[in-house]
Amino acid sequence: MLEIKEKVSQKPAQESIINLDELNKSSLKRSACEPQMVNRWSVDDIVALFELPFSDLIYRAQIVHRENFDPNAVQVSTLLSIKTGGCSEDCGYCPQAARYHTDVENEPLMQLDAVLTAAQEAIDNGASRFCMGAAWRGPKQRDLEPVLKMIAEVKAMGLETCATLGMLKEGQAEQLKNAGLDYYNHNLDTAPEFYGDVITTRTYQDRLETLDRVRGADINVCCGGIVGMGESRNQRAGLLAQLANMERPPESVPINLLTQVEGTPLHGTEELDQIEFVRTIAAARITMPHSFVRLSAGRQSMHEGIQALCFIAGANSIFYGEKLLTTENPEAETDKKLFAKLGIKKI
Ligand code: SF4
């Protein structure tokens, strides 16, 4: 095992962290707030992890996991869609994009009371973090005001707070921080090379800039992506390289398995082999040893044996609750039974 570790870590970086040619093609906008990247892991290094025999990969992930976390503890969050549907963006996987014909309707922002009721349910189910998601390109100031109130009130209930509201403009991250926001979720979704196949209404660089604003306001970063969108293994590794090479890797790394929704462009994509999904979790754990790796969307389609393998591979965070924004998620009771079978405790 040590031999593998040395071989992998001694390989020179062979691919740049951001492929500038590709990004320029997709209307890259350079700005002064471009985030710092370091060359901790090359894409080739990470592909080499994916190519290990499964048992060796899992063993290595377990070692890293046990060095950094309690292997039998999983952090539990609840995600609530506070503003559903009608989004102007064109993310090819998302049923909330107004341009796709799905069952999701455009709804107004939820009222504060209803959000606090959901937060209380999250507490009753043992969640420690409450994440509020809005289907916006980014919040306008008039949208942000009521959300700031929600964050302050949820925080006052004793929950950690997280929000995912789209791209942030200058000064908005500071307002969220002042309201009591602990985490901001903004995913990179995939590798830069594949990104333009999935989204065209915002660039990779736009996303990096929002992440930089979040970091600049001293809010914890929750950032990951989606696999099973038709990307190659190299591109899965490319996503992980982007995350692992951030100057400070995200504190929370959601790895989603595409939930295919009829009416979205990615419906009908060839499904990702679930062992490959477990490999992705293990590679995320090895490359980001101090991050919580979150088993996110797609759990509904996974046998509990696969979920158990994901926990062994280093996943140590999940979403509780029967809905993940608009798609199905295992019910809290099902998760409680699985945790009991596996001897996992919640944090
Ligand atoms: S993923 Fe977010 S930004 Fe993209 S279409 Fe869906 S709600 Fe809009």
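This is a predicted model: local features need pLDDT of at least 70, side-chain atom pairs count only at pLDDT 80 or more; totals for chains, interfaces and linings use all residues.

## Helix α4: checking the length

Start with helix α4, which has 15 residues (residues 54-68).

Which residues of α4 are buried? They are Leu 57, Ile 58, Arg 60, Ala 61 and His 65. These residues cover an arc of only 160 degrees around the axis, which puts them on the same side of α4. An α-helix has 3.6 residues a turn, so residues three or four places apart point the same way. On the face of α4 turned away from the buried side you'll find the exposed residues Ser 55, Arg 66 and Glu 67. The cover over the buried residues of α4 includes α3 (43-50), α11 and α12 (304-312).

## Helix α6: the same check again

Now try helix α6, with its 16 residues (residues 141-156).

Leu 144, Val 147, Met 150, Ile 151 and Val 154 are the buried residues in α6. Looking down the axis of α6, you'd see them fall within an arc of 120 degrees, so they line one face of the helix. The face turned away from that buried side carries Gln 141, Arg 142, Glu 145 and Ala 156, which are exposed. Covering the buried residues of α6 are, among others, β1 (73-83), α5 (112-124), β2 (129-134), β3 (160-164) and α7 (172-179). Just after α6 comes Gly 158, with a positive phi of about 100 degrees.

## The nonpolar core

Zoom out to the whole protein: 13 helices and 12 strands, with 50% of its 347 residues buried. The largest nonpolar core has 96 residues, and Ala 163, Tyr 184 and Ile 281 touch the most other members. Helix α11 (residues 274-287) gives this core its largest share, 7 residues.

What does Tyr 184 contact, leaving aside its neighbours within four places in sequence? The list is Ala 163, Ala 173, Leu 176, Val 214, Ile 219, Val 221 and Cys 222.

## Around the ligand

Last stop: the ligand. Around it sit Cys 87, Glu 89, Cys 91, Cys 94, Gln 96, Ala 97, Ala 135 and Gly 166. Sorted by class, this shell has 5 nonpolar, 2 polar and 1 charged residues.

Definitions and conventions:
Residues are numbered from 1 along each chain as its sequence is written. A residue is near a molecule or strand if its C-beta atom, placed from the backbone, lies within 6 Å of it. Ala, Val, Leu, Ile, Met, Phe, Trp, Tyr, Cys and Pro count as nonpolar, Asp, Glu, Lys and Arg as charged, and the others, Gly among them, as polar. Helices (H or I, at least four residues) and strands (E, at least two) are DSSP runs, numbered from the N terminus. The expected span of a helix is 1.5 Å times one less than its number of residues. A residue is buried if 20 or more other C-beta atoms lie within 10 Å of its own, exposed if 12 or fewer, and partly exposed in between; C-beta atoms are placed from the backbone. The arc is that of the directions from the helix axis to the C-beta atoms. Two residues are in contact if their C-beta atoms, placed from the backbone, lie within 7 Å. A nonpolar core is a set of buried Ala, Val, Leu, Ile, Met, Phe, Trp, Tyr and Cys residues joined through C-beta atoms within 7 Å.
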